[in-house]
Amino acid sequence: MRPDRCALDNMTVDARPIVSQPDTADRRKRPRDRKEQILWVAGALFLREGYHATSLGEVAAEVGISSTAIYRHFRSKHDLLVRVLFEGLELVEDRLTTLSAEQRTVDGFVRTLTALALDRRGVPALWQREVRNLGGADRGEVLRRLTRIVAALAALTRMARPELRREDAEFLGWCALSVLGSPSHHSVRLPRAEFESLLVTSITAALATSPWPPEREPPPAVRPDPERGGRRERLIAVATRLFHQRGYPAVGIEEIGVAAGITGPSVYHHFGGKAEILAAVLERGAEWTRHYTARSLAEGDTPAECLESLLGYYVAVTLEHPDLIGTLVSESIHLPRAQASRFRRVQRAGIEEWVRLLREVRPLDADQARVVVQAAIMMVNDVTRLASLRGRPHLAADLVAVGRAVLFPG
């Protein structure tokens with residue numbers, strides 16, 4: 001058996017994202033709901049094990065049916081993935097179309113989306129990680145549907161804030177959508193009303209941000225040139241890019257060597273296998289975490305200043321190293337147990353600094369602070385990897401402004 005799923009991003013503590021099970025007294029005894037049962041089980045397994053590591057036989061065994069019975073509902077594993085990803089989107093769109101006139105406000109929209117995000121906790125992580133396994137047309141359709149949701153939220157935001165340009169309102173909409181999806185990437189549990197209130201407060205603060213550059217830009221990140229490094233560094237750099245673009249299971253170690261200009265058995269002079277390369281990539285992320293955390297704590301005079309410095313450095317690193325962040329977010333589930341435990345310890349140390357600092361500024365308990373911190377971090381992770389936003393002028397400064405609003409609302 002694969003070890004328990006480790007954290008999805010480089011700042012997540014013991015994250016075992018949750019896919020909420022549909023209300024059903026006994027999912028094995030209601031054949032009329034069989035398709036829904038299969039979708040739920042497949043979504044949970046894809047999230048925990050990854051799409052490539054999950055077989056239709058495992059899905060069938062968990063549902064309590066034969067492998068051939070799945071083909072009565074889905075043509076293939078790929079078809080099942082398509083339906084898992086689209087089912088969540090369709091639910092969101094259906095719910096939004098039924099909003100009453102009184103609910104068609106920013107607050108009504110946000111509260112509806114927040115309830116759905118907690119009802120289907122885990123689905124946003126699936127969209128983020130597995131959409132690359134869809135065909136081009138299906139991938140494009142997922143993005144179009146998400147864009148429509150953001151556009152609707154942006155339009156309502158501009159009605160409340162007519163001074164906003166459309167592109168600024170849409171930028172804020174993407175930030176809000178990322179905050180909504182952030183519970184998908186951790187396993188913190190809070191009372192439902194308390195959880196919803198924290199998310200609504202964070203999203204409302206994000207949408208109230210004025211996204212224009214502040215007087216001081218975030219600090220620049222160091223951008224190493226892997227081509228100037230040795231063979232081992234080239235292998236790490238190439239593997240980071242390929243793992244992010246195509247996913248760890250789809251990339252072969254020989255392919256990494258060829259792309260790095262290192263052919264034959266020479267790759268094995270540096271790494272014993274592909275898993276060691278992934279561990280090296282994730283260790284590089286851990287090095288960045290330790291580096292900018294230490295700098296932030298040394299540079300700030302108050303907890304608020306230290307936390308804002310952490311945010312600024314994290315934005316800079318994420319913008320400079322999108323492949324590294326993408327790999328940290330999506331591929332850590334493939335680590336062997338020993339490396340996974342070590343990686344989680346580094347993550348835990350990093351996140352606890354954010355939580356400690358935030359609790360010195362706001363009256364939150366540890367779990368509440370983790371929810372807020374994860375919301376800010378996942379917003380940065382998501383927005384910096386959206387191709388449509390990476391060319392936005394002053395993107396780093398705008399992300400810091402929105403992240404600051406999430407961390408320090410009001």
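pLDDT is the predictor's confidence in each residue, from 0 to 100. Across this chain its mean is 84, and 88% of the residues reach 70 or more.

What you have open is a predicted model, where local features need pLDDT of at least 70 and side-chain atom pairs count only at 80 or more, while totals for chains, interfaces and linings use all residues. Residues are numbered from 1 along each chain as its sequence is written, and side-chain values use heavy atoms, leaving out hydrogens and water.

**Stop 1: confidence.** Colour the chain by pLDDT and select helix 9 (residues 192-207), which has the highest mean among the elements, 96. Helices here are DSSP runs (H or I, at least four residues), and strands are runs of E, at least two, numbered from the N terminus. Helix 6 (residues 123-130) has the lowest mean, 82. Now select residues 22-30, where pLDDT stays under 50. The model gives them 18 contacts (heavy atoms within 4.5 Å) beyond four places in sequence. Residues 222-227 are also below 50.

**Stop 2: two helices.** Select helix 1 (residues 34-49) and helix 4 (residues 77-97), which pack at about 95 degrees with axes 10 Å apart. Axes are lines fitted to C-alpha atoms, for helices over the stretch in contact, and angles run from 0 to 180 degrees between N-to-C directions. Show the side chains of the contact, among them Ile38 and Phe46 of helix 1 and Leu80 and Glu87 of helix 4.

**Stop 3: two cysteines.** Are Cys175 and Cys306 buried or exposed? Cys175 is buried (under 20% relative accessible area; exposed is over 50%, partly exposed in between; 1.4 Å probe, protein chains only), at 1%. Cys306 is buried too, at 7%.
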